[in-house]
Amino acid sequence: MTEFRVWAPKPERVRLDVDGHVHPMTRSDDGWWHANVDAAPDARYGFLLDDDPTVLPDPRSPRQPEGVHERSQLWDPAPAAWTDGDWAGRPVGGAVIYELHVGTFTAAGTFDSAIEKLDYLVDLGVDFVEVMPVNSFAGTHGWGYDGVLWYSVHEPYGGPDGLVRFVDACHARGLGVLIDAVFNHLGPSGNYLPKFGPYLSSASNPWGEGINIADADSDEVRRYIIGCALRWMRDFHADGLRLDAVHALVDTTAIHILEEMAAETDWLSRDLGRPLSLVAESDLNDPRLITPRDRGGYGVTAQWADDIHHAIHTAVSGERQGYYADFGSLATLAHTLRRGFFHAATYSSFRRRRHGRPLDTTEGTGIPGTRLVAYTCTHDQVGNRALGDRPSQNLTAGQCAVKAALALGTPYTAMLFMGEEYGASTPFQFFSSHPEPELAKATAEGRKAEFAGHGWDADDIPDPQDPETFRRSKLKWDEIDSGDHARLLRVYRELIALRYDDPDMADPWLDHLAVDFDEDQRWIVVSHGRLRIACNLGAEPVKVPVTGETVLAWGRPGVDGDSTLLDGHSFAVLRAAG
């Protein structure tokens with residue numbers, strides 16, 4: 001007998017359909033419905049609500065073999081062919097993370113084809129693979145942030161069995177796995193949760209209606225969210241989650257859902273005997289997120305640090321539009337590298353108000369730099385541009401190398417976005433495959449209207465629904481052995497290796513950094529311990545007032561007395577005499 005359960009306080013009657021046979025269900029006082037039925041291990045099933053003849057998928061569906069609008073399928077994680085019994089896990093703090101989109105990482109766009117590239121990632125030197133959302137969403141391809149069945153795995157990628165093989169293969173190679181989880185909204189296609197109960201709140205965010213985590217009857221919705229988070233780490237052996245846009249989780253309760261999730265993640269970590277991490281995306285610049293719970297914080301392991309990205313990108317590229325307006329100077333870059341947050345109870349011209357709160361970076365009493373994730377680009381910072389163009393499509397290879405040195409040569413936990421390490425020529429554009437014609441049209445027109453409002457020609461904006469937009473976003477792996485692609489890849493490997501080989505790089509405290517710069521001559525030097533990371537952001541050669549043994553470089557640095565001559569758009573990592 002198989003027990004089927006579903007939380008559905010809204011309908012007056014719920015029936016269970018298993019392989020075409022309908023069975024009654026019994027309701028408990030807490031809104032849960034139950035039925036024990038003989039069912040095959042791979043039975044297809046769903047629920048009938050009141051008198052509606054439509055069979056709906058299980059909100060906690062373990063598998064959706066025919067898409068989010070169809071019946072669910074039983075899938076038991078217990079018999080999965082795991083071979084990672086000796087995997088002890090690894091902590092995120094100070095690691096190097098590699099963010100990838102399964103559908104565009106390889107030509108085939110599956111978990112199994114991604115496995116074939118894992119040895120490349122090991123050779124690159126990264127510690128974690130972070131996969132963009134793999135939960136079930138409508139259509140065959142998309143970014144995954146419009147998921148509607150959070151417990152199941154997107155079938156075109158390989159479904160739950162494919163994810164098991166992928167995580168197992170990562171662990172066999174010493175790579176941890178982070179899964180991008182979206183709990184702040186639901187996608188527009190296949191969202192049947194409101195038919196079951198009060199999953200949505202009165203609040204809204206830029207992507208749709210908010211999730212009910214604080215209104216009446218929200219306790220079970222919170223359990224739904226936290227249960228999903230724990231499932232990825234328990235049933236699929238993930239080493240943690242990347243939590244999408246947590247600032248959109250409107251929680252007015254005394255115990256924020258992130259604090260509750262972090263506490264339960266720590267409990268599961270102790271139970272499994274391996275580290276588990278939560279890495280949040282937040283634009284609030286609120287230190288409480290990454291402050292330990294015993295000090296009044298939420299206890300999330302780490303958070304993305306957009307201010308660091310903005311400071312590096314604008315200083316190197318010269319871009320100033322939109323939320324980049326307050327960034328761009330070397331003074332801003334120096335301040336942000338040492339403080340983590342640039343906006344810290346300071347005025348944001350983009351928001352037209354004060355923003356953020358200072359982060360205490362003092363050794364012992366403050367927050368170590370490893371609780372912030374630094375990067376030169378992410379799926380957002382590429383894909384949310386009008387054309388999905390990468391920095392490598394607009395900057396010189398030397399400028400890309402300078403950005404890498406600034407992000408990887410600091411105490412922060414570091415992250416790369418797939419293809420960044422060799423300056424991929426392919427864009428990463430916004431793509432979708434909504435099956436409903438009206439939704440497909442609205443998505444395409446909305447994208448064009450959004451950027452037309454910022455001055456772009458609407459005809460230049462790629463149609464998200466055009467399959468070619470998806471195909472052109474796939475990496476071209478034959479690039480990595482040629483010209484500047486190969487040269488940049490070598491420098492990335494050397495920078496990552498330096499993080500582990502040099503003891504000065506192990507110091508996580510930002511207040512130990514020293515940063516010098518010259519705004520006019522466009523050079524900046526980041527020092528920690530005996531290491532000096534000297535960067536020339538200008539196009540012309542410049543003398544930088546530091547010397548030392550050259551550990552690695554882009555360009556041909558030359559010692560000239562008490563200075564080092566750097567080519568335009570170049571850097572050198574120097575080790576001072578000790």
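How many bridges join strand 1 to strand 5? In this predicted model, strand 1 and strand 5 (residues 32–37) run antiparallel and are joined by 6 bridges. Within this pair, Arg5 stands opposite His34 of strand 5. The two strands belong to an open sheet of 3 strands, arranged in the order 1-5-4 with antiparallel pairing. Strand 1 (2–7) and strand 4 (26–27) form the edges of this sheet, each pairing on one side only. Strands of a sheet pair through backbone hydrogen bonds, in either a parallel or an antiparallel sense.

Strand 9 (residues 128–131) pairs with strand 12 in the parallel sense over 4 bridges, and Val129 has Val177 as its bridge partner in strand 12. Strand 15 (residues 240–243) also pairs with strand 12 in the parallel sense, over 4 bridges; here the bridge partner of Leu178 is Gly240. Because 6 of the 6 residues of strand 12 are buried, the strand is largely enclosed by the rest of the structure. Gly176, Leu178 and Asp180 point one way from the strand, while Val177, Ile179 and Ala181 point the other way.

In soluble globular proteins, nonpolar side chains tend to be buried together. The largest nonpolar core of the model contains 155 residues, and those with the most contacts inside it are Tyr98, Leu121, Leu163, Phe166, Leu243 and Phe571. Leu121 touches residues including Tyr98, Phe105, Val129 and Leu175. Another core, of 11 residues, lies apart from the largest one and has Val92, Ala302, Trp304 and Val373 among its members.

An unreviewed UniProt entry lists Asp244 and Glu281 under "active site". The two residues are spread over 38 residues of sequence but cluster in space, with a largest C-alpha distance of 5.4 Å. Asp244 is found in the loop between strand 15 and helix 7 (257–272), whereas Glu281 is found in the loop between strand 16 (277–280) and strand 17 (302–304). Asp244 has a relative accessible area of 9% and is therefore buried, the cut-off being under 20%. Glu281, at 11% relative accessibility, also counts as buried.

The contacts of Asp244 include Tyr145, Asn184 and Glu281, as well as Asp180 and Ala181. Among the residues that Glu281 touches are Leu243, His247, Trp304 and Asp380. The side chain of Arg242 makes a polar contact of 2.9 Å with that of Asp244 and a polar contact of 2.8 Å with that of Glu281.

Key:
Residues are numbered from 1 along each chain as its sequence is written. This is a predicted model: local features need pLDDT of at least 70, side-chain atom pairs count only at pLDDT 80 or more; totals for chains, interfaces and linings use all residues. Side-chain values use heavy atoms; hydrogens and water are left out. Two strands pair if DSSP finds at least two bridges between them. A nonpolar core is a set of buried Ala, Val, Leu, Ile, Met, Phe, Trp, Tyr and Cys residues joined through side-chain atoms within 4.5 Å. Buried means under 20% relative accessible area, exposed over 50%, partly exposed in between (1.4 Å probe, protein chains only). Contact means heavy atoms within 4.5 Å. UniProt positions are given in the numbering used here, feature names are shortened, and annotations may be inferred rather than shown by experiment. A polar contact is a pair of N or O atoms within 3.5 Å; within protein, one must be able to donate a hydrogen and the other to accept it, and residues adjacent in sequence count only if both atoms are side-chain atoms. Lists of a residue's contacts leave out its neighbours within four places in sequence.
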